[in-house]
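Please consult the sequence and the structure shown here while reading it.

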Amino acid sequence: MGSFKGHALPGTLFLIIGVWHMWSTIMRYVSNPKSFRVRMWNPVPGFDGKLKYFEIYVIAVGSFIDMCIEFFYSTHLKIIVNGVLNPSHMNDFEHAGMLLMFFLLGLVAIFSETTSYLPLPEGALCLIAATAFCGEYLLFYFHSTTHSGLEGYYHFVLVLLILLCVLSCIAGALFPTSFPVDLMNGIGITLQGLWFYQTAFTLYGSMMPKGCHLKLNDVVCRSSELEIRGEILANFQLFALIFAVIVTILGFYWLAVTQHPDSRNLLSVADESDT
């Protein structure tokens, strides 16, 4: 993942899944708040049900393709050297292992939803998703401790966003009727995808902070003051992304209410029953 494409590809996958999760969560809640349930994945409506399981296929296929890129393409097929894993590409093997977790998540969800061989409740799928995010969390946590300077700071922010995904997935299993929990899961996944893109543009693209540059796959700043300036800029970027996600959620909610004119009465009744 130590490249622009290496961050943009998983960022695209997380961003698509996250935005779809936010939209679907809001639509399901607005259409019928009393019957709302937390879902690890959301079916695609219409098309005579042909695209119902599209999301979990995107998770499985997307993570599998990214895993193959990390394991085969990034290593130039030099996987074994002198009888051991190629020490020059250990990061690629780590990334492939992380993506394997999401591939297994998608595979388990497909078998659970489309066959009778592995019928799992939604809470179990949420916990499996939490396990996949845990694997990602551990990988980038140790990345953030081994990568110093500005690069390490961007990894640290990513670790916090991954932790949000872990906690929201666990909370989804514990509170299966909570709309805020399900929405927070979509927010966490969306922010993670956006931050992958932000990292790609900042560390490997045109948004490198002034006084810093890429040298031998490491970001080097000319002074500690410039490095601190880059970290402050990263904070501003994160706040801007959070603001953009909040505005998007408000827009989604407005669209959902306009598509369900009777939703105001249903939402008011749900609020009265909660109190």
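A crossing is called left-handed if the near helix is turned anticlockwise from the far one by less than a right angle, and right-handed if the turn is clockwise. The model is predicted. In it, H5 passes H7 in a right-handed crossing, whereas H5 passes H6 in a left-handed one. The crossing of H1 and H7 is right-handed. A search of the whole structure also finds 1 cavity of 30 Å³ or more.

**Helix H5 against helix H7**

- Helix H5 covers residues 149–174 and helix H7 covers residues 224–259; the two pack at an angle of about 25 degrees, with their axes 9 Å apart.
- Because angles under 35 degrees count as roughly parallel, H5 is described as roughly parallel to H7.
- On the H5 side, the contact is made by Gly149, Leu150, Tyr153, Tyr154, Val157 and Leu161.
- On the H7 side, the contributing residues are Glu227, Gly230, Glu231, Ala234, Asn235, Gln237 and Leu238.
- Sorted by class, this contact of H5 with H7 comprises 7 nonpolar, 4 polar and 2 charged residues.

**Helix H5 against helix H6**

- The axes of H5 and H6 come within 8 Å and cross at roughly 165 degrees.
- H5 and H6 are therefore roughly antiparallel to each other, since the class takes in angles over 145 degrees.
- The contact of H5 with H6 is made up of 18 nonpolar, 8 polar and 1 charged residues.

**Helix H1 against helix H7**

- H1 and H7 pack with their axes 9 Å apart, at an angle of about 40 degrees.
- From H1, the contact draws on Val19, Met22, Trp23, Ile26, Met27, Tyr29 and Val30.
- From H7, the contact draws on Val245, Ile249, Phe252, Tyr253, Leu255, Ala256, Val257 and Gln259.
- The residues of the contact of H1 with H7 divide into 14 nonpolar and 1 polar, with no charged residue.

- The volume of the largest cavity is about 210 Å³.
- Its lining consists of 18 residues, of which Phe14, Ile17, Ile59, Phe102 and Phe133 are the closest to the cavity centre.
- At least two lining residues each come from helix H1 (4–31), helix H2 (54–73), helix H3 (90–114), helix H4 (122–146) and helix H6 (179–204).
- H1 gives the most to this lining, with 5 residues.
- By class, the lining of the largest cavity has 13 nonpolar, 3 polar and 2 charged residues.

Terms used: Residues numbered from 1 in each chain as written. Predicted model: local features only at pLDDT ≥ 70, side-chain atom pairs only at ≥ 80, totals over all residues. Heavy atoms only, no water. Axes fitted to C-alpha atoms, helices over the stretch in contact; angles between N-to-C directions. Helix = DSSP H or I, 4+ residues; strand = E, 2+ residues; numbered from the N terminus. Parallel < 35°, antiparallel > 145°, perpendicular 65-115°, else oblique. Contact = heavy atoms within 4.5 Å. Nonpolar A, V, L, I, M, F, W, Y, C, P; charged D, E, K, R; others polar. 1 Å grid on protein atoms, 1.4 Å probe; cavity = no way out; pocket = protein on both sides within 12 Å on 5 of 7 lines; lining within 4 Å. Points joined across faces, edges and corners; volume = space filled by probe spheres on them.
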